[in-house]
Amino acid sequence: MAEILQSLDALSPAKATASAAAAEDAPVHVQKLDKFGRAYATGKRKDAVARVWVRPGTGKITINDRDITVYFARPVLRLLINQPFQAAAREGAYDVVCTVSGGGLSGQAGALRHGISRALTYYEPELRSPLKKGGFLTRDSRVVERKKYGRAKARRSFQFSKR
């Protein structure tokens, strides 16, 4: 039950207990590692799914048993993948091993970025704040709209002819 306060001076201890209760309810993020000392996470974007393992190392990124420069030849995609490390100020601090499947190269790079971000928060829970602020932990849920019957594509109609 709520207690009745007689003066404003009695209000401050009630505030302190309310803030302490709110602090207890806040979720505590703990480190999640496997038996090999790696953090595992899954990242998704469009139809692509990336399974990512992160461990301390020299910054080597291996995708489907290939180097990042071989798998993602376009520099823009490599830049996209390295964004979580730059936001967390951890460039060259972790080795990444991942398997990517589905979708195209752009979707796979986005899935890999999402997976790396999640795996970093599992390895170092204090990195959650800068990665969340950068928008790297949110799964981009935009997918291709399905084709409708009676239409050429999802929204495009067939060409109209009066004849």
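Good morning. The model before you is predicted, so local features are given only at pLDDT of at least 70 and side-chain atom pairs only at pLDDT 80 or more, whereas totals for chains, interfaces and linings use all residues. Residues are numbered from 1 along each chain as its sequence is written, and side-chain values use heavy atoms, with hydrogens and water left out.

Let me stay with Thr-62 for a moment. This residue lies in strand β3; strands here are DSSP runs of E with at least two residues, helices are runs of H or I with at least four, and both are numbered from the N terminus. Is Thr-62 buried or exposed? Its relative accessibility is 18%, and therefore Thr-62 counts as buried. The term buried means under 20% relative accessible area, exposed means over 50%, and partly exposed lies in between, with a 1.4 Å probe and protein chains only. Setting aside residues up to four places away in sequence, Thr-62 touches Val-96, Val-97 and Cys-98, where contact means heavy atoms within 4.5 Å. Beside this pair, Ile-61 has Val-96 as its bridge partner in β5.

These pairs belong to a wider arrangement. Strand β3, residues 61-63, runs parallel to strand β5, residues 94-101, over 3 bridges; two strands count as paired if DSSP finds at least two bridges between them. Strand β5 also pairs with β2, in the antiparallel sense and over 8 bridges. In β5, Asp-95 stands opposite Arg-55.

How many strands form the sheet? There are 5, in the order β1-β2-β5-β3-β4, and the sheet is open with mixed pairing. At its edges are β1 (39-45) and β4 (66-67), each of which pairs on one side only. Helix α4, residues 105-123, packs on this sheet and touches β1, β2 (48-56), β3 and β5. The direction of α4 makes about 150 degrees with that of β1; axes are lines fitted to C-alpha atoms, for helices over the stretch in contact, and angles run from 0 to 180 degrees between N-to-C directions.

Helix α3, residues 75-87, packs against α4 at an angle of about 10 degrees, with the axes 8 Å apart. That makes α3 roughly parallel to α4, since angles under 35 degrees count as roughly parallel, over 145 as roughly antiparallel, 65 to 115 as roughly perpendicular, and the rest as oblique. Among the residues making the contact are Leu-77, Leu-80 and Phe-85 of α3, and Ala-109, Arg-113 and Ile-116 of α4. By class, the contact comprises 10 nonpolar, 4 polar and 1 charged residues. Here Ala, Val, Leu, Ile, Met, Phe, Trp, Tyr, Cys and Pro count as nonpolar, Asp, Glu, Lys and Arg as charged, and the others, Gly among them, as polar.

Glu-124 is in the loop between α4 and α5 (128-133). With 12% relative accessibility, Glu-124 counts as buried. Leaving aside neighbours within four places in sequence, Glu-124 is in contact with Arg-90 and Tyr-94.

The loop between β3 and β4 holds Asn-64 and Asp-65. Asn-64 is not a glycine, although its phi is positive at about 50 degrees. Asp-65, also a residue other than glycine, has a positive phi near 65 degrees. At 23% relative accessibility Asn-64 counts as partly exposed, whereas Asp-65, at 77%, counts as exposed. Thank you for your attention.
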